[in-house]
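Let's take a walk through a protein model together.

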Amino acid sequence: AQRQELQFDKGQSLYDGFPISGVSIKDLDRALINNYRENTGAKGTAANLFSARSLLTPTKELTNAGYLLFAPRPQELFPQAYIRVVRFLTIARGTGARLGIEEGSDIRVEGPIPRAIQEASSLIEDMVPRRRFLAESGRFESRPIVPRDAWLEGVVNAVIHRSYSLAGDHLRVEIYHDRIEFERPGRFPGLATPSKPLEFTRFARNPRIARVCADLRIGQELGEGIKRIFEEMRLVGLTDPVYKQGQGSVRLMLQAIPRIDERTAARLPKGSQRLLDAMRASDRDLSTGDIAEAISMSRPATLTRLKALEEENLVRWSGKSPRDPRAVWLLETT
């Protein structure tokens, strides 16, 4: 199973193109199929359309993609294919008695992919905290802590590119008072590293799902999803998105933290913002070596940036002596 999942990660095999037994087009949602035909302008039969989009195998068997996209309830065969939207009252998830989930704000969204994205988006929009700010008009207005276009792209990207072959794991959207986090099953493709997300080449783990979502104008299939998230966050002056990769999943963090102002950024070495983002993304205090590894930078170059940030009172060193092996760098909160 691990070897097969590695092939999916590398694009050597595509799970969304595997045939699904015991199911045919007759078992799918007719309303969804008709809507898809209208969006594509297709004039032929549903079978012809599905064949043109590779939703049927050469032997006319329905693929996993076709079932996930158009079945009335794909969770009957893919119980892990749902979106869980959770809002927390605390700054961290917590466990047991310290679990900070708000009552009534832990919702599981099921159904075919297009409907699940729409329903999850509506839930998130209602749950995202909003803040008042002084607008250019001179009046106080309300806006979400994270721009809508950024988190919406995060949802769509996670649904389209998650691994549907990993049984037992689902997609999670966790909403906190200062950030939104998305965690999806499946790792980044090939040699891609989460420390340089803007350098990713276009890769679709589920190309058939991506194509249909593009036809439905849910996604654009242009490989621009990550870039758009970065742009939307920067447009409102927030720090860059942070990606973290675990053993079998990828987590995206959209934090309501202001970027370094332009004057300060001009005095700092290039890459200082990325270093701060890596420290904020970590769930523990980091040493110089830890930070260097996190941002894929040499230790001397990392130390140069840390010293510059320290001079701007953005970080501080904490240790008992210059050679303290337990010394770490901390973010300044004031």
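Find Glu183, which sits in strand β6 (residues 179–185). Strands here are DSSP runs of E with at least two residues, helices are runs of H or I with at least four, and both are numbered from the N terminus. Keep in mind that this is a predicted model, where local features need pLDDT of at least 70, side-chain atom pairs count only at pLDDT 80 or more, and totals for chains, interfaces and linings use all residues. Residues are numbered from 1 along each chain as its sequence is written, and side-chain values use heavy atoms, with hydrogens and water left out.

Is Glu183 buried or exposed? Its relative accessible area is 13%, so Glu183 is buried (buried means under 20%, exposed over 50%, partly exposed in between, with a 1.4 Å probe and protein chains only). Which residues does Glu183 touch? Leaving out residues up to four places away in sequence, they are Arg93, His170, Leu171, Arg172, Ser249, Val250 and Arg251; contact means heavy atoms within 4.5 Å. The Glu183 side chain also makes a polar contact with the side chain of Ser249, at 2.8 Å, and another of 2.3 Å joins it to the side chain of Arg251. A polar contact is a pair of N or O atoms within 3.5 Å; within protein, one must be able to donate a hydrogen and the other to accept it, and residues adjacent in sequence count only if both atoms are side-chain atoms.

Now step back. The protein chain has twelve helices and ten strands, and 46% of its 334 residues count as buried. Among its contacts with a separation of 6 or more, 59% are between residues 24 or more positions apart.

Next, look at helix α7 (residues 207–215). Seven of its nine residues are buried, so the rest of the structure largely encloses it. Those buried residues are Arg208, Ile209, Ala210, Val212, Cys213, Ala214 and Asp215, and their cover includes α2 (30–40), α4 (64–70), α5 (113–127) and α6. Just after α7, Arg217 has a positive phi of about 60°.

Finally, how do α6 (residues 148–161) and α8 (residues 225–235) meet? Their axes come within 8 Å and cross at roughly 160°; axes are lines fitted to C-alpha atoms, for helices over the stretch in contact, and angles run from 0 to 180 degrees between N-to-C directions. The two helices are therefore roughly antiparallel (over 145 degrees; under 35 is roughly parallel, 65 to 115 roughly perpendicular, the rest oblique). Residues in this meeting include Asp149 and Asn157 in α6, and Gly225 and Met233 in α8.
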